[in-house]
Amino acid sequence: MELLAQQLVNGIALGSVYALFAIGFALILARMGILNVAHGTFATWGALSSYWLVAERGVDFWIAALVGIAFAGLLGVLSDVLAFAPLRKRNAGMFAPIIASIGIWIVLLSMAEAFAGPTTKSYPVAAVPATPIQIGGLIVLPAHLMSIAALVIVVTVVHLLLNRSRFGSAVRAVSVDPRSATIVGVDARRTLLAVAFLAAAIAGLAGVLAAFSDNNVSFGLGEALLLKGFAAVVVGGYGDIRGAAAVGVAIGVLEVLSSQYISSGFRDAITFGVLLFVLVVRPQGIFGERQLVRA
Amino acid sequence: MSTTAWITTLQFAGVNALFALSIYATLWTGVLSLAPIFFGAVGAFTFGYLAGTVGLSPFLGLVLGVVLGAALGALTAALVIRLDSHYLAMATIAMVLIGRVLVVNLTELTGGAAGTLVPGELGTWLWLIGCLVVAGYVLARLAKSRFGMAADAVREDAAVAQTLGISPRRIQLVGFVISGAFGGAAGVMQASFLQYIGPDTFYTHLGFVTLAAVVLGGAFHWAGPIVGAIVFTILPELLKDVMGEYDRVVTGVLLVVIIIFVPRGLVDLRRVRLLRARSRQDPPRAGDDSARPTAPQEVTA
Amino acid sequence: MSSPTRSAPDAGVVPDAGAPSAVSIVDLTKSFGGLKAVSEVTIQVPTRRIHGILGPNGAGKTTVLNMVSGFIQPDKGSISVFGDEVTGLSPHQIARHGVARTYQNIRLFAGMTVLETVAAGAYLKRSSTIPGAIFFSPSERRERREVRDRATDLLRQVGVRAEPDALAETLSYGDQRRVEIARALATEPRVLLLDEPTAGMNDAESHEIGELLLELRGSGLTLILIEHNMRLVEEFCESVSVMNSGAMLAQGAPSWCLEQDDVKEAYFGKRSDAARIATLRRARRGPGGS
């Protein structure tokens, strides 16, 4: 029983990272209409840059984490300025942004590979908080605690930001029709850039937490997140970030429990099995708000 | 670059062209799918396994690749065609990523992380060009057929195509079957040239390069992917001397630049026709894009 | 607007018992997020009739057409074509029942020539298979020739002046509309729905379209058109339905309908005097009027 409770905590912590990633991914999909496959590389670069600062430059872990998150956000803004904005201006349809995002994915992934090399690295032991915390009978790692706390904070803040603030109504107006939004006084350009920054920065946060939790930094870090995040968005929908976040947590729990009680080799296969099942059985999404193509 | 290196590069350009045609087959019907990489993996590993255990002949391996690919294409279509195009694209990318998980974990069949050896009898120019000619011929013949015109219509405006009695899903199913057949064949050919296949042979990198080839060459004519594959396989090789390990960065940047500035690719019949129309009519008349009503479509999803 | 729709006694809007309508729309209702776009609309169009749907912008005319062609599923009500219930079918199935249409904002296929555009409409009339196409069988070759000849004939019939191998999207506005009609006719429909077929055309061109409508009716088609050009409606439509704010105002002969007070009001509005004066002033101050 204690083992189960412990594994549940581990699963929720892992799932929190997936959920964070899914929130950024869903934000871009819902508000900008872009399926951004480069989103995983934002997480990778968030982790890589913060790791580099800690390990090579001796920067304090917390500051490095903040810089890493901001750097990921900046990459998101750059992607939008250089690739998505010109396509938006030309009204290029829906394939063009996917293809552009694949281009960004290639660029950021191969640069990450060149930067990080083929090996995986870990944070210097002394530089990161690592002392387990006893809560009741459970042992919680600081990384796990941070992941769960970060998810709670981000979900709350982003939800309030989107639904209760002026910024949120600006975002909604722009995502429906940028031109009319401009007429009613919303700065469409700045709003979209803010969304791009926010989404990529959340990906960066997920990347930093993923690297910190596993104590494992590599250029492929974001790819695993991309798939889990995608699964969470497919199952949970992207209209409301809370749906994707909840499913992200569920995927983490499912993974940890299945590798504990079934088999560790196929823990990815189980996630994708669930994903495929949902796609086939309920193409409109669990919560039904996903629109079907009118084909 | 030495002559042998050039020949190898050109051979991979040929295999990439086959993959690119496989991507084109679904794109023609308005579906962005990276599933061909997965079809190729299944064809190649099945071929490798059967050649190693029961001594399947290479030619039968190729036939098997085509049949298996086509069947998988139909199955994929049945599963994903209902999805919104974003989800559909992502689901096929997920197939590629899942393919690697399967290859690594099904050790008895695939050799796991170590990979497996494959006989190389098909790895000749004759077989390669033969496959490309057949694939190109099939697409060229279909271009103005009943299916081809319907595919064009579905891609350009699926809603209007429907009012002409065309069922987009049916057309897309056919596209997936053709895509599967080509992808399966491309996988077997790739395996024959490499004579070794592992978890990373049919992975994202191959998907990127072939998709980039289709986009560069043009996704609106069957010759586009072939031209694109040749350019896009040779270009990084040439750049390797200059760019070193950053050659892929150029691939990515090119992809973005092309989709922004030459969205219909190098082989673009529409541009040819537009130019012809302009040269034919000297007195300006409602001739260019600005004359085309661009009002938002009245029927939205 | 809850008063029952008035109909002219002699308009033939209510079909004779026994003779099935070409298109029968009963109690059609559709809301978009609380807004009633179409409310309990009933229209009966007998075979070989040119029927107009009139009304100011936002009256719900295009929504009715979109429901008939299957793009939008009605919340309530039913649609049948020659006695076959088509409510809930998808657009391509409805097309197979012999319904074709054109669009208010012309929707041609980018990159296709004029001839290809019309040939694409012949999908239902072609029977060739994929193996037949690949091996280029004699029947495939014959069919391609037939499709091309038929498309050429249709282009001539609708009066497209441009070259058949010109890019359709480069044609003049009027020719683009005619190509769209030819594409719809290539499906060999029994019912043709036209959404503002003369929008952007001058009087002479509009009249040509009117003549074309008569000719098509002569060959057995039933035509339903949304139209703003009153002269065209009075000259060529045998019956009309007038809609406003999603509801039916009046149905019957065009001249009778246009005499009704609430129809006039829907069209010309009960604008306040202030607004009227403002409009007049603007017209006077403007450099050349309209």
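Me: Which residues sit on each side of S8(C), and are they buried or exposed?
Reply: Val191(C), Leu193(C) and Asp195(C) are on one side, Leu192(C) and Leu194(C) are on the other, and all of them are buried, so both faces of S8(C) are covered. Buried here means that 20 or more other C-beta atoms, placed from the backbone, lie within 10 Å of the residue's own.

Me: Before we go on, what kind of model is this?
Reply: This is a predicted model: local features need pLDDT of at least 70 and side-chain atom pairs count only at pLDDT 80 or more, while totals for chains, interfaces and linings use all residues. Residues are numbered from 1 along each chain as its sequence is written, with chains lettered from A and ligands numbered from 1 in the order in which they are written.

Me: Why call strand S8 of chain C largely enclosed?
Reply: Because five of its five residues, 191-195, are buried, the strand is largely enclosed by the rest of the structure. Strands are DSSP runs of E with at least two residues, helices are runs of H or I with at least four, and both are numbered from the N terminus.

Me: How many bridges join S7 of chain C to S8(C)?
Reply: Three, and the two strands run parallel, with S7 covering residues 99-101. Val99(C) has Val191(C) in S8(C) as its bridge partner. Strands count as paired if DSSP finds at least two bridges between them.

Me: And in what sense do S8(C) and S9 pair?
Reply: Parallel again, over five bridges, with S9 of chain C spanning residues 222-226. In that pairing, Asp195(C) stands opposite Ile226(C).

Me: OK, new topic. Which four strands form the open sheet in chain C?
Reply: The order is S3-S2-S5-S6, with antiparallel pairing. S3 (35-45) and S6 (84-85) are the edge strands, each pairing on one side only.

Me: How many bridges between S2 and S3(C)?
Reply: Seven, in the antiparallel sense, with S2 of chain C running over residues 23-32. One of the pairs is Ser31(C) with Lys36(C) in S3(C).

Me: Which helix packs on that sheet?
Reply: Helix H1 of chain C, residues 61-68, touching S2, S3 and S5 (76-81). The direction of H1 makes about 115° with that of S2(C). Axes are lines fitted to C-alpha atoms, over the stretch in contact for helices, and angles run from 0 to 180 degrees between N-to-C directions.

Me: What does chain C come to overall?
Reply: Its secondary structure is 11 helices and 11 strands. Buried residues make up 49% of its 290 residues. Of its contacts between residues at least 6 apart in sequence, 68% join residues at least 24 apart. A contact needs the C-beta atoms, placed from the backbone, to lie within 7 Å.

Me: What about chain A, how many helices and strands?
Reply: Chain A has 11 helices and two strands, and along the sequence the pattern goes α-α-α-α-β-β-α-α-α-α-α-α-α. Its C-alpha atoms fill a box of roughly 55 × 45 × 35 Å along the principal axes. Buried residues are 50% of the 295 in chain A.

Me: Last one: how many residues do chain B and chain C put into the contact?
Reply: Chain B gives 37 residues and chain C gives 41. On the chain B side, H6 (125-143), H7 (146-156), H8 (158-163) and H13 (269-280) each supply at least two residues. H7(B) gives the most to that side, with seven residues.

Key: A residue is buried if 20 or more other C-beta atoms lie within 10 Å of its own, exposed if 12 or fewer, and partly exposed in between; C-beta atoms are placed from the backbone. Two residues are in contact if their C-beta atoms, placed from the backbone, lie within 7 Å.
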